[in-house]
Amino acid sequence: NEMSIKYQSIFDYIDHRDVFIIERYIIDNVKRHWKRITVPKPGDIVLFRINGRLIHIGIVIDRNQFLHTLQGKNSCIERLSDPRWSKRIGGYYEFQ
């Protein structure tokens, strides 16, 4: 999908340590193409705060699971209720 291509390409060109640029890119694109929601459905996205910044995105699979990947790792499915992730949730969004 077009959104995943955009995110993949930005990470190809930006130094992963430059979290300010990554955060701004994600926030700007989410504001333009996505609407914040309170109850996510499969296919919606979830934004996570890493070190206080909205720089991580997952795709909601169901009420308690999401798909994501971390740099250097395979993609994986994890629980939204997992304490490692639940305290970092910055919001759920659906494509407009």
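Colleague: How do E2 and E3 run, and how many bridges join them?
Modeller: They run antiparallel, joined by six bridges. Two strands count as paired if DSSP finds at least two bridges between them. Strands themselves are DSSP runs of at least two residues, labelled E, while helices, H or I, need at least four; both are numbered from the N terminus.

Colleague: Before I go on, what sort of model is this?
Modeller: It's a predicted model: local features need pLDDT of at least 70 and side-chain atom pairs count only at pLDDT 80 or more, though totals for chains, interfaces and linings use all residues. Residues are numbered from 1 along each chain as its sequence is written, and side-chain values use heavy atoms, with hydrogens and water left out.

Colleague: Ok. What sits in the turn between E2 and E3?
Modeller: The two strands make a hairpin with two residues between them. Asn51 is in that turn, with a positive phi of about 50 degrees.

Colleague: Which strand does E2 pair with besides, and over how many bridges?
Modeller: Strand E6, residues 89-95, in the antiparallel sense over four bridges. Phe48 shows both pairings: it stands opposite His56 in E3 and opposite Ile89 in E6.

Colleague: And where is Arg53?
Modeller: In strand E3, which covers residues 53-62. Arg53 counts as partly exposed because its relative accessibility is 26%; the classes are buried under 20% relative accessible area, exposed over 50% and partly exposed in between, with a 1.4 Å probe and protein chains only.

Colleague: Switching topic: how many salt bridges does the structure hold?
Modeller: Five. The cut-off is a side-chain nitrogen of Lys or Arg within 4 Å of a carboxyl oxygen of Asp or Glu.

Colleague: Which residues are linked in a network?
Modeller: Lys35, Lys41, Asp44 and Glu94. Lys41 bridges to Asp44, with the closest N and O atoms 3.3 Å apart, and to Glu94 at 2.6 Å. Lys41 lies in the loop between E1 and E2 and Glu94 in strand E6, so that pair ties together parts that are 53 residues apart in sequence.

Colleague: Is Asp44 buried or exposed?
Modeller: Buried, because its relative accessibility is 6%. Lys41, by contrast, is partly exposed at 39%.

Colleague: Where does Asp44 sit, and what is it in contact with?
Modeller: Asp44 is in the loop between strand E1 (34-37) and strand E2 (45-50). Leaving aside neighbours within four places in sequence, its contacts, meaning heavy atoms within 4.5 Å, include Ile37, Val39, Gly58, Tyr93 and Glu94. Its side chain also reaches the backbone nitrogen of Lys41 at 2.7 Å.

Colleague: What does Arg84 meet in a salt bridge?
Modeller: Glu78, at 2.2 Å from N to O. Arg84 is partly exposed at 46%, whereas Glu78 is buried at 13%.

Colleague: Last one: which residues form the nonpolar patch on the surface?
Modeller: Ile59, Ile61, Leu67 and Ile77, with about 300 Å² of accessible area together. Patch members have over 30% relative accessible area and no salt bridge; like charges are joined within 9 Å, and nonpolar side chains (Val, Leu, Ile, Met, Phe, Trp, Tyr) within 5 Å. The areas come from the Shrake-Rupley method with a 1.4 Å probe, and for residues only the protein chains shown count as cover. Leu67 belongs to strand E4, residues 65-68, and is partly exposed at 32%.

Conventions: Polar contact = N/O pair within 3.5 Å; in protein donor to acceptor, adjacent residues only side chain to side chain.
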